[in-house]
Amino acid sequence: TALKAVSIADSVTTIQPNAFYQVGTLKEISMPNKLTTVSDYALSQIGVSSIEIPATLEAFGVAAINNLESLTEIKFGQGFKKIPDATVKESGIFANSTKLTSVELPAGFEYLGNYAFRNCQALEKIVIPASCTTISDNALAECSTDKLTIYCEEGSAAETFAKTKNFKYVSYIGSGTAGNLEWNVYNGVLS
């Protein structure tokens, strides 16, 4: 019988190396709110279309959660702060998630590492909060500059990144609450 769903116990803080590596039949995984570590290849090449990343997750092994060819949605827990740098492009945390179209990083997010969303060719929208002060040079490597629009606060590191890397972007001015935002349109993007 093929493994289709997993609910990891609340007491688990680490998913061990290769725990579900290449289990393409795995369509649902529930991670505990106390999870701090996903080890090397632990969730690489599984068949989920949606994944929820707990705010407590801080440590990622090599290719820990990548090559998710069916992934269309990532939900980040409020308080999640960092997607670390990958040392080689093949090991980016969400690299090669070829059906992923939209990402919204949570308020308070601080660091978007190298190759985080490498080769996510379907990616059309990424929302990067002003709290994200570091975006590594290759965070969106091999993503389409024609297709992807970065949504960010005016004057933020994300706006600078978008301009430097020639991505379309929409920046806003405001207090940070949706009702008080004033949108600016740049590079032909109409929102």
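Is Glu 142 buried or exposed, or does its relative accessible area place it in between? In this predicted model, Glu 142 is partly exposed, with a relative accessible area of 37%.

**Salt bridges**

- The structure holds 3 salt bridges, and in one of them the side chains of Glu 142 and Lys 89 meet at 3.7 Å, N to O. This pair links distant parts of the chain, 53 residues apart, with Glu 142 in the loop between strand 12 and strand 13 and Lys 89 in the loop between strand 8 and strand 9 (102-104).
- Lys 89 is partly exposed, with a relative accessible area of 35%.
- Glu 142 forms a salt bridge with Arg 118 as well, where the closest N and O atoms are 3.1 Å apart. Here the two residues are 24 residues apart, Arg 118 lying in the loop between strand 10 and strand 11 (125-127).
- Arg 118 is buried, with a relative accessible area of 8%, which lies under the 20% limit for that class.
- Lys 165 and Asp 137 form a salt bridge whose closest N and O atoms are 2.7 Å apart, and this pair joins helix 1 to the loop between strand 12 and strand 13 across 28 residues.

**Nonpolar core**

- The largest nonpolar core has 51 residues, and those with the most contacts inside it include Leu 43, Ile 65, Ile 83 and Phe 117. Strand 5, strand 7, strand 13 (149-153) and helix 1 (157-165) each give two or more residues to this core, and helix 1 supplies the largest share, 3 residues.
- Beyond its neighbours within four places in sequence, Ile 65 is in contact with residues including Val 38, Ile 51, Ile 53 and Phe 94.

**Strands**

- Strand 5 runs parallel to strand 7 (residues 73-76), joined by 4 bridges, and Phe 76 is the bridge partner of Ile 53.
- An open sheet of 3 strands has the order 8-10-12 with parallel pairing; strand 8 (82-83) and strand 12 (134-135) each have a single partner strand, so one side of each is left without a neighbour in the sheet.
- Tyr 111 stands opposite Thr 134 in strand 12.

**Surface**

- Tyr 21, Tyr 41 and Val 62 make a nonpolar surface patch of about 230 Å². Of these, Tyr 41 is partly exposed, with a relative accessible area of 33%, and lies in the loop between strand 4 (37-38) and strand 5 (50-53).

How values were computed:
Residues are numbered from 1 along each chain as its sequence is written. This is a predicted model: local features need pLDDT of at least 70, side-chain atom pairs count only at pLDDT 80 or more; totals for chains, interfaces and linings use all residues. Side-chain values use heavy atoms; hydrogens and water are left out. Patches are made of residues with over 30% relative accessible area and no salt bridge: like charges are joined within 9 Å, nonpolar side chains (Val, Leu, Ile, Met, Phe, Trp, Tyr) within 5 Å. Accessible areas come from the Shrake-Rupley method with a 1.4 Å probe; for residues, only the protein chains shown count as cover. A salt bridge is a side-chain nitrogen of Lys or Arg within 4 Å of a carboxyl oxygen of Asp or Glu. Buried means under 20% relative accessible area, exposed over 50%, partly exposed in between (1.4 Å probe, protein chains only). Two strands pair if DSSP finds at least two bridges between them. A nonpolar core is a set of buried Ala, Val, Leu, Ile, Met, Phe, Trp, Tyr and Cys residues joined through side-chain atoms within 4.5 Å. Contact means heavy atoms within 4.5 Å.
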